[in-house]
Amino acid sequence: MRTAHLRNSTPAVFRKESLRTTRRPRARGLAAAAGVVGALASWGAGLACAATPQQIPNAELRVVPRYVGNCCYEFDVWQYAGMPGNVTQMQAVVAGGATVVSAFNGWTGPAPVISGGNTVVDWTFPAPGLDARFPTDGPPEYTVKMCFNNLTPGTMIFFTGFDSAGNTAPSLRVPIILDGPNCSVPVDPCRIDCSPNERITICYEGGRDDAYGAPNDPASPRPPFAAWLTSWGPTKNFDDPTVNRQFGHTFRNLPTGIVAARLEIKLRAECELSYNDTLGVQFTGSGTAWNASIASLAGGTWACGQQATIVLDLGALPGGANLIPLICSNRFVDFRTQDDTTVDWARLTIEVCPCDNGRWRTYVAGIPDNFAAPIDPPNFRQPALDALRSPPFGWHDSDHCILDRGWGHTFFNLPPGIIRAFGSTRMRACGAGSNNDSINFDLRGPGAPTSFYRGFQISDLPGNGGAWNTTMGPRNFSWNYGTLLANNGFCRNILGGMADRMFDVYVQDDTDLDYFALRVYSCTRRLVLQGVPFVLKGISSAVFTDTGVRIEDIGAGEGGDGAAFDVSGSKGLDLSLTGPATQPPPGTRGSWALHADTDGDGEAEVIHEALLSWTEHGSLVVERGRTNDPDACTEIELHNSRTGDTLTVCRPGLRLEIFDNPVLTGASARAARPCFIKIGDIKGESDGVHRFSLGQGVGGEFDSFTLRSSPHELPVESFSMSWKTQEGEDPLSVDVASRGLRTCYANHLPQGDVSLDANHYVMVASNIPATGGGMRAVMQEPAEEYGAKIAFGHGGEMPVPPHELVMEFVGSQGGVPDQYLGSCTLRASPGVDSFFDIFADFSPTGTDRYRFVVSSGDETTGAFTSGAGRLTSQGGKPSGCGKGAVLIGGVRTSCIWIDWDNLTTFSLPNGQSAEGTRLAILAATATETFDFLQEFRYFATGVDELLVADQTVTPYTGGTPCPADFNNDGGVDGADVEAFFGAWENGLPEADVNQDGGIDGQDVQTFFLAWENGGCD
């Protein structure tokens, strides 16, 4: 226990005051503990049957606090001296501005009562109350737990003990001062209750309802519970009739706010000693919190071949126990049966009061681009989903209409505690066989046969009228998984299936999907650092600062304390670090690790790890830890940013030592080459140039290192940092600021209070507030051109106007970088469908006129010039945008373009108009030369989400690109002709070689003029 952070102000002396001095009002509604016989005449009276009269010291209440993380404390409680069982009730009153968000017993029985504006907590101890101890040695009699909000160091809590009649005394009043961390925000508060119409019912299943049929369905006890079960001998799965084996299973990843829970279990007695078998619920570390004989639950007998379905109200178990507070705190339910009993299936049904502090998260498979070419990147599928199809009838990806190929995707790394979920998609039929196609949601947990929680014939979906064929065209569909009944006929919805942190979609098999978007809301609080979600590890706490977050109380816990950052779907994460944890005291050990779900169970495992240790002689040692391939060579790259020197070494065993007391200033988790294959890179940055040594005379002066592991194709889910100090050392802290989630060519940072959801090729700004928000794409190197597909709202569905999207750009102009270069605004006004006002502002370029070019495919359909950068659009919706440079009058100037999903009419106020699917806006009379682009910013209001997908960046090479060497291979030959016409025929932006905003015959003429001259000189 770390006494440096805790003070107990109770003096260790005997109290001599009279004990019967104060009577607490009975209106608090606390009953005396059952089993106390008679009333105690006096708290300090002598024993009635003592052979020799003796004075019993006055009873004292002893309370010792212990910080356990997440703004929670445990309090060990003893009674010193006095009559046994005197203290049957206890009250805690919180002083100052702190409040209690949850309170828990360390035993079964009546739950603690929170009152007084969440500042008063009352407990009733089990009969006969606290024992009298002489002295207070050994384990605590009882332990209670409280979690707080707005808790500051120095907060005082007054504990008071009462007897069964409500009496107290000064010696039973204990003030405790909490000197732990500043907990300004609670983590995972449990709501006390809510109205019945607010409650959400979710059920979770274990095993199949298959009458104990083969094969056996796997049980899944959580690791500590499994270890305890195996300490008694072999264990077994669902349906397994083997005798003398215990069974255990855990329902995990439950939400907070649980106010009711029912556990149902189908059992059969085997022909051994089943009559003495017991059922236990909720593993506590040394046993289960509640136990009963199965016979008592099954009508009085439990004999060979007898079957029963046991139904337990976990808030009112036989004997009066209430496990709801414990379940709400832990967010899991364990149960076990002994040992001559077979379990067919189990179901847990909970009622939840939805939390107010959760966040939405959006997952996207495919790119919302209305089936635009090319075919979207490959989907991810867990092994059980992938096994549903085999060659030649395999799989296809989005935007690929092909027959006899299924479309499937598994969304990994879902947050725990999901209470709401929605799905949306855009589909099209591909052939005559489409009419019998189906869409299926979420594979049921492990067990046989393989099945989905729910499926539909696409022809039966709303609006399809019993048909699904190629004449119907693409259509949008959506589902509310909170109201979608499960196929098993038991669960009211399919939310419980997401507790494995995976969600599967399977479409058979002549149907194409443009995209599928899954949007979930979880009631386990998600901390966000500059758009990046993270969770705390160990006993760490978090305090948000102006520049990021301070992770406190690291190093002194039982395991590694720190934080894990959610990078799911991105190509990496860059962090800057300051504070004591970046140069901790000697003996401190740390870990930077990458995690991915390698076995498809929904839980991430370490795939690449750098072990850090600080030595007594002032150096930092970095060693390779676990990897997904322990025999592989680990590549290490050392870099000197001052000189540009780089040293690369590949070794099976790695030990790197950095001398001269280095301070770590940055950490990164990155994908290495090629960009689209997830490779475990871990990078560290120091405060300057230091001496690096790999042993055997290999080393030099460098300021950063990168460890590169073997490639794998699973997405990295999180990047974690943790530290462990030596015994007696003070806890550490580290200030962390995010430099962005990394994609292939840009780092992404939030604008406003939003979450950045990194998907495969799609970045989503979620939880956009009413005041607006979005994201910045910060180029990793100067860009000649940037382009992306965009979609408003969930799954690309346009929200109801009014709403607005502002696109700003920053770059270099006239040789001066980091300048605001202008913006374009799309504003949808209420009352007119698919109508946008479009405003362009290129005033920083010095222009006084704007050139508008409208095109459709490779044909320019209209071009006009105006003294103001404003026009309107009617029809369609924006689907993409970009920024680049054009030459006008010999001046290299700014151009921004916006794509529309359908043919759209663009109109100037003077009545000029043109129809097309792309609008390019140019600074027609710029006086400043545009050099390169550094940032592209999106800011939206009136929408809840903004999707940015399929981002492309053309690196800036200095000056106007030469169209002759079109493929940039260093030569001018026939390959350039082939590459140019391939781009020109497909209307790709790079085919606009004369940079006039359109792709037409003028570009062919410009290309061949340069090509025939052999270059651009």
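Mentor: Two strands pair if DSSP finds at least two bridges between them. Helices (H or I, at least four residues) and strands (E, at least two) are DSSP runs, numbered from the N terminus. This is a predicted model, where local features need pLDDT of at least 70 and side-chain atom pairs count only at pLDDT 80 or more, while totals for chains, interfaces and linings use all residues. Residues are numbered from 1 along each chain as its sequence is written, and side-chain values use heavy atoms, with hydrogens and water left out.

Trainee: In what order do the strands of the open sheet of five strands run?

Mentor: Strands of a sheet pair through backbone hydrogen bonds, either parallel or antiparallel. Here the order is S14-S15-S20-S17-S18, and the pairing is mixed. Strands S14 (235-236) and S18 (288-293) each have a single partner strand, so one side of each lacks a neighbour in the sheet.

Trainee: In which sense do S15 and S20 pair?

Mentor: S15 (residues 246-251) and S20 (residues 333-337) are antiparallel, over five bridges. Thr250 stands opposite Asp334 in S20.

Trainee: Is Ser823 buried or exposed?

Mentor: Buried means under 20% relative accessible area, exposed over 50%, partly exposed in between (1.4 Å probe, protein chains only). Ser823 has 9% relative accessibility, so Ser823 counts as buried. Ser823 belongs to strand S52 (residues 816-828).

Trainee: Which side chain makes a polar contact with the side chain of Ser823?

Mentor: A polar contact is a pair of N or O atoms within 3.5 Å; within protein, one must be able to donate a hydrogen and the other to accept it, and residues adjacent in sequence count only if both atoms are side-chain atoms. For Ser823, the partner is the side chain of Tyr820 (3.2 Å).
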